[in-house]
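Here are my notes on this one, as numbered points. Have the model open while you read.

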Amino acid sequence: MANHKIEIRRRNVEKILLAAEKVFAEKGHGGTAMGDIAVEAELPRSNLHYYFSTKDELYRAVLLDLLEVWKQDALCFEMYDDPRVVLSTYIRAKMNHSRSRPHGSKVWANEIIHGAPMLGTTLDDSLYSWAKMKEAKIRQWVEDKRILAVEPSALLYMIWASTQHYADFSHQVGVLNDHQSLSELQFERAVQTVTSVILRGIGLEP
């Protein structure tokens, strides 16, 4: 019975977070009401308040959940040592989440653009050491002459900008694609192009 309740809670929280991503992306934090999210999640408003007492709490939960997803995308830095494998895997994971969870990426971008008013020092605690570990791995590749000399942080920023563009500027991508979403083939070509440009830029063949 306890496991059943835990599973119900997990499913409800996941449903609420995904609904909140969409509404916060479309209306912004200030323009969103808990009732809007309840409608999107197809749950009674009381259910939202059972799991998240305030809109601010839910908003922060959305942001931290996104950060955890992106940290999972970067596990390849720990799993593999080959820079080609690591970066190819990372870019594909980031691109896939830009396609599957574009609303979340937009919420994150809006928070950061405005100076992380809701995350505050939590951003330092959650992001700083994680990013520095990735930079250290890239720096080691440079020192071992496995890739060309690059600034590790700049390489990470380039990957983030290139991959999240497909979420944050999805409307522009659609407009330039004859007002249509990218097809599976077009998306795969985009992944391969971003991967190829990044890898060739650091002296690796795709």
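1. Is K132 buried, partly exposed or exposed? K132 is partly exposed, at 37% relative accessible area; buried here means under 20%, exposed over 50%, and partly exposed in between (1.4 Å probe, protein chains only).

2. Some housekeeping before going on. This is a predicted model, where local features need pLDDT of at least 70 and side-chain atom pairs count only at pLDDT 80 or more, while totals for chains, interfaces and linings use all residues. Residues are numbered from 1 along each chain as its sequence is written, and side-chain values use heavy atoms, with hydrogens and water left out.

3. K132 has a salt-bridge partner: its side chain meets that of E135, at 3.3 Å from N to O. The term covers a side-chain nitrogen of Lys or Arg within 4 Å of a carboxyl oxygen of Asp or Glu. The two residues sit 3 apart in helix α8, so about one helical turn separates them.

4. Now for the packing of α8. The axes of α8 (residues 121-143) and α9 (residues 152-168) come within 8 Å and cross at roughly 115 degrees. Axes are lines fitted to C-alpha atoms, for helices over the stretch in contact, with angles running from 0 to 180 degrees between N-to-C directions. That makes α8 roughly perpendicular to α9, a label that spans 65 to 115 degrees. The crossing is right-handed, that is, the near helix is turned clockwise from the far one by less than a right angle.

5. Back to charges: the salt-bridge count comes to 15. In helix α1 (residues 2-31), E7 and R10 are 3 residues apart, so about one helical turn lies between them, and their closest N and O atoms are 2.7 Å apart. E7 is partly exposed at 29% relative accessibility, and R10 is partly exposed too, at 42%.

6. Further along, E205 pairs with R200 in a salt bridge, with the closest N and O atoms 3.0 Å apart. E205 is partly exposed at 49%, as is R200 at 47%.

Notes:
Helix = DSSP H or I, 4+ residues; strand = E, 2+ residues; numbered from the N terminus. Parallel < 35°, antiparallel > 145°, perpendicular 65-115°, else oblique.
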